[in-house]
Amino acid sequence: MALAQAAKYASTNSDPRTTDHLLDLITELGSAALEDPDSAEAPLAVGILDEAVQLIEHVISHIAEGSWTLCPCGEDHGQQALDTKVAETMRGDVDLLRQLRAKAA
Ligand SMILES: [Zn+2]
């Protein structure tokens, strides 16, 4: 899931605010999944989806500009290729979240 991956990037690249926010979202999603589907699930889901899209895009833009990497050790050992792949996967998840958002609204 892109959220967990995004949280890992934010943590590795010293952005505790984004890390905390992503972890909160993961927790919210977990508890939302346990709630009764007939309850006030839809409005909660829309808010979560919006936040998830925003945060994942934040992480993608850092990866795209090269400021965030899966391994910021300073050595080049192929992490850039991996970063590109992860960013692509995250973009796919953002598209999916947008589709869910369109249905939920
Ligand atoms: Zn490294």
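This is a predicted model, so keep that in mind throughout. The largest nonpolar core has 22 residues, and the members that touch the most others are Leu3, Ala6, Ala52, Ile56, Val59 and Met90. At least two residues of this core come from each of α1 (2-12), α2 (16-34), α3 (41-64) and α4 (79-104). The largest share, 9 residues, is supplied by α3. As general background, nonpolar side chains in soluble globular proteins tend to be buried together.

What does alanine 52 touch, leaving out residues up to four places away in sequence? The list is Leu3, Leu25 and Leu97.

Now the overall layout. There are 4 helices and 0 strands in the protein, and from the N terminus on the order is α-α-α-α. The C-alpha trace spans about 50 × 25 × 15 Å along its principal axes. Of the 105 residues, 23% are buried. If we take contacts between residues at least 6 apart in sequence, 60% of them join residues at least 24 apart.

Next, one helix pair. Two packed helices are described by the angle between their axes and the distance between the axes. For α1 and α2, the axes come within 8 Å and cross at roughly 160°. Angles over 145 degrees count as roughly antiparallel, and therefore α1 is roughly antiparallel to α2. The crossing of these two helices, α1 and α2, is left-handed. On the α1 side the contact is made by Leu3, Ala4, Ala6, Ala7, Ala10 and Ser11. On the α2 side it is made by Thr18, Thr19, Leu22, Leu23, Leu25 and Ile26. Sorted by class, the contact of α1 with α2 has 9 nonpolar residues, 3 polar and no charged ones.

Last, a residue in helix α4, glutamine 79. Is glutamine 79 buried or partly exposed? Partly exposed, because 15 other C-beta atoms lie within 10 Å, and a buried residue would need 20 or more. Not counting residues up to four places away in sequence, glutamine 79 touches Thr69, Leu70 and Cys71. Against leucine 25, which is 54 residues away along the chain, the C-alpha separation of glutamine 79 is 27 Å.

That is what I have; I will take questions now.

How values were computed
Residues numbered from 1 in each chain as written. Predicted model: local features only at pLDDT ≥ 70, side-chain atom pairs only at ≥ 80, totals over all residues. Core = buried A, V, L, I, M, F, W, Y, C linked by C-beta atoms within 7 Å. Buried ≥ 20, exposed ≤ 12 C-beta atoms within 10 Å, placed from the backbone. Contact = placed C-beta atoms within 7 Å. Axes fitted to C-alpha atoms, helices over the stretch in contact; angles between N-to-C directions. Parallel < 35°, antiparallel > 145°, perpendicular 65-115°, else oblique. Left-handed = near helix turned anticlockwise from the far one by under 90°. Nonpolar A, V, L, I, M, F, W, Y, C, P; charged D, E, K, R; others polar.
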